[in-house]
Amino acid sequence: MGTETKSQIRDYSWIVFYLTLLLLFGRPVSAQIRYSVPEEVKDGTVVGNVAKDLGLDIGSLGDRRFRVVSGTKEAIFEVNPDNGALYVHNHIDREELCQGSGTCLMELKILVENPLEIHYVVVEITDVNDHSPSFPENEQTFEIAEHTSPGKRFQLHSARDPDAGINSIRTYTLTSNEHFEINIRQRDSNKIPFLVLKKSLDREQINKHTLLVTAVDGGKPPRSGTLNVSIIVLDSNDNKPIFSQEIYQIAIQENVPVGTSIFRMNATDSDEGSYGEIDYSLGKTLMREVYDIFELDNLSGEIRVKGSVNYEETDLYELDVEASDKGTPPLTGECRVIIKIIDVNDNAPEIEVTSQSNTVSEDSKPGTVISLISVTDKDSGVNGKIILHITNDVPFELKPSYKENTYSIVTKGLLDREKVSFYEITIKATDCGEPSLSTFKTLNIQISDVNDNSPHFRQNPLEFYLIENNVAGQSILSVSATDDDLDNNAVISYHIARDGSQKDIMSFLNINSDNGHITALKSFDFETLKTFQFQVVATDSGTPSLSNNVTVNVFILDQNDNAPVILYPLSSNGSAEGVEEIPRNVNAGHLVTKVRAYDADIGYNGWLLFSLQEVTDHSLFGLDRYTGQIRTLRSFTETDEAEHKLVILVKDNGNVSLSATATVVVKVVEPKEAFAASDVKSASKDDDSNVTFYLMITLGSVSALFIISIIVLIAMQCSKSTDYTSKYLEDKNYDGTLCHSIQYRSGDKRYMLVGPRMSIGSTIVPGSHANTLVLPDRRKASGEVRLKTNIVSTVSRNIEILAYFIL
């Protein structure tokens with residue numbers, strides 16, 4: 001034994017060695033030769049000439065060690081090195097080599113050396129009918145009661161034949177008799193024999209029947225196996241249980257609770273005693289899941305739910321029920337119970353988003369598809385019908401597709417990111433069951449921006465108040481616009497619209513394109529320019545860009561930068577000096593002269609007050625602080641000096657007041673000299689009286705024009721809503737002198753500063769109520785307002801100038 005083992009080890013070592021050489025230095029052959037040989041052939045049977053088929057030189061096969069390389073098993077095939085033939089070396093049993101009925105193939109390795117080559121040969125082992133059918137047992141016994149109804153089936157043992165294909169079992173035969181016949185049922189690839197009673201038995205005639213069942217295969221010649229069947233005929237229990245129906249049909253709802261009784265079987269047996277007692281059982285050939293879901297009480301025949309009943313898995317179950325009595329042998333009745341499962345709405349719809357765009361451009365047209373969704377419901381019938389809708393108020397709607405339960409979400413209106421930039425679309429799917437079940441799905445949609453909003457100013461027009469004498473090169477005001485778009489679409493640049501009408505003003509303004517700060521390149525003078533207007537254009541950085549403009553009204557506010565100017569007295573050399581002669585006999589209150597002055601400023605800055613800065617005799621002369629009239633306070637005496645010098649100080653009411661002085665020399669003369677002087681002056685006084693007369697006529701005309709203008713304005717104002725009334729706001733410090741007036745407009749109100757106690761604060765702050773006439777702004781067009789303002793301003797200015805000249 002040890003020597004044989006060592007020899008096998010050496011053979012295996014050589015095989016491994018040759019295979020290694022073949023892998024390293026051999027020439028693999030890709031062609032493959034196939035032979036066929038039946039099993040059970042004699043040893044030495046030639047299968048084919050391998051050397052010839054491979055194109056090898058037969059004369060050199062011995063030198064090249066032509067042979068079959070086998071594994072650990074004993075070689076079934078060998079080659080003849082003399083002629084190159086492949087022959088059977090050992091017994092071939094297909095059933096031992098290949099299990100089953102498929103094709104049985106063996107792959108051989110043919111090895112030659114010098115040079116080393118390996119060839120693969122496939123040999124198909126074909127089946128021959130070398131096995132006879134055999135039964136698991138030689139005998140089978142049945143106990144059958146007399147009067148058993150014909151047609152009763154009894155299952156016989158099945159025979160087995162290892163051969164495949166046509167050589168397997170083809171049929172079963174039964175010895176000829178008058179009571180039984182054989183019936184074959186095909187199950188998969190097997191044939192199952194049944195013994196069928198075709199005629200009732202009678203124990204009194206024959207109490208035992210001996211039959212021979214033969215299984216025959218399909219070989220040529222056929223082979224067979226036999227089974228001895230003994231039939232023992234029993235007496236007595238000759239009535240089997242009988243069901244009221246052969247087929248029962250019931251319906252239950254799915255999800256019925258476990259343990260629920262769904263049906264009670266009812267079978268009867270006419271026999272008495274134990275032969276009439278019935279046991280119920282389920283058939284043995286049902287699907288396995290039936291035993292997991294239902295159970296049958298063997299005594300009561302009650303069918304109960306054992307497991308979960310799910311319509312979506314199976315909507316129909318068929319149960320074979322047997323009722324057996326307790327006779328010997330027991331009799332059995334059969335029926336079928338068909339259980340139909342009624343669908344219950346126990347599955348909510350499912351929403352699946354098959355495609356979605358998370359971002360939608362705000363300029364998308366109505367009908368743009370943003371998402372595709374599908375809905376399913378595992379329930380059936382009405383329970384599976386789905387109603388789909390969007391629950392919240394969004395500019396989107398559902399459009400059904402050509403395929404059922406498939407929808408697209410589309411825009412149903414125009415989108416505006418500036419109003420709503422993000423939408424949550426809540427979709428509700430509801431089935432039509434009772435009660436209905438619902439599912440919600442939320443889609444998040446972001447609206448992307450497009451440049452569809454131009455920059456806008458919070459107020460148009462804009463009004464700014466600028467104090468005169470501003471520093472050139474400094475920022476005087478700022479404009480700001482906003483854009484509801486995003487990113488570059490909202491980046492705004494500014495520039496001033498320059499036209500030919502105000503080109504001279506625009507040349508002195510500069511704007512920062514980034515922040516809208518406007519710089520004046522020169523200093524403004526209220527007395528030269530009181531107001532001006534220009535337009536600022538704001539442009540975004542979108543593509544294409546959008547722009548908007550705003551009208552800017554700039555009002556120059558007065559500053560006390562003009563000193564009073566003495567109009568009288570005025571000497572020939574331009575100095576404010578004058579000489580007045582009065583007779584000594586004048587009474588108290590005599591008008592000596594009147595100092596006249598003018599201030600180019602307005603309001604408090606232009607309201608002048610007169611005071612005596614220097615006088616030789618305070619008891620003799622008095623000065624009216626408002627009118628500048630110099631009058632005698634008493635009569636002259638002999639002791640009074642003949643010449644008096646009066647220095648009059650004229651100053652305005654600015655925060656930092658400015659002033660001027662005038663010198664009046666009053667000479668007291670005797671009456672005769674005074675009359676002579678008066679004669680000298682009479683001629684010039686006549687001329688003055690004529691001038692005064694014409695000035696008074698002009699003043700009257702202008703005053704009449706002013707009154708008519710005021711009446712027209714009041715009539716136009718009264719023709720509108722009476723909700724607004726004009727009123728003067730009381731100023732407790734008003735002292736009766738009106739020197740200047742000016743009007744400003746701010747927002748929906750128009751302010752007229754009427755003095756006399758006007759301050760710089762009154763002109764700057766429209767909210768100040770001192771000496772302010774508040775007129776409502778009910779303009780329908782800018783032309784109407786400008787007309788009113790121009791009329792009032794022109795008339796007021798003319799009256800002002802004439803009043804100064806007259807005074």
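**Stop one: Leu-61**

Select Leu-61, which sits in the loop between α2 (50–54) and β3 (67–69). Helices (H or I, at least four residues) and strands (E, at least two) are DSSP runs, numbered from the N terminus. A quick word before going on: this is a predicted model, where local features need pLDDT of at least 70 and side-chain atom pairs count only at pLDDT 80 or more, while totals for chains, interfaces and linings use all residues. Residues are numbered from 1 along each chain as its sequence is written, and side-chain values use heavy atoms, with hydrogens and water left out.

Is Leu-61 buried or exposed? Its relative accessible area is 1%, so Leu-61 is buried (buried means under 20% relative accessible area, exposed over 50%, partly exposed in between, with a 1.4 Å probe and protein chains only).

Now show what Leu-61 touches: leaving out residues up to four places away in sequence, you'll find Ala-51, Leu-56, Phe-66, Pro-81, Asn-83 and Gly-84. Contact here means heavy atoms within 4.5 Å.

**Stop two: the cores**

Next, pick Met-265, Phe-294 and Ile-339; of the 28 residues in the largest nonpolar core, these touch the most other members. Such a core is a set of buried Ala, Val, Leu, Ile, Met, Phe, Trp, Tyr and Cys residues joined through side-chain atoms within 4.5 Å. Among the elements giving it two or more residues are β16 (247–253), α4 (288–293) and β23 (332–342). Apart from this core lies another, of 27 residues, and Leu-61 from stop one is among them, as are Met-106, Leu-108 and Val-123.

Zoom in on Ile-339: its contacts beyond four places in sequence include Ile-250, Phe-294 and Tyr-317.

**Stop three: a sheet**

Colour β34, β38 and β37 to see an open sheet of three strands in that order, with antiparallel pairing. The edges are β34 (475–478) and β37 (509–511), each pairing on one side only. Strands pair if DSSP finds at least two bridges between them; β34 and β38 (residues 517–520) have three. Which residue in β38 is the bridge partner of Leu-477? Look for Ile-518.

**Last stop: confidence**

Colour by pLDDT, the predictor's confidence in each residue, from 0 to 100. The chain averages 79, and 80% of the residues score at least 70. Residues 1–30 stay under 50, as do residues 803–807. Where pLDDT is low, the predicted coordinates should not be read in detail.
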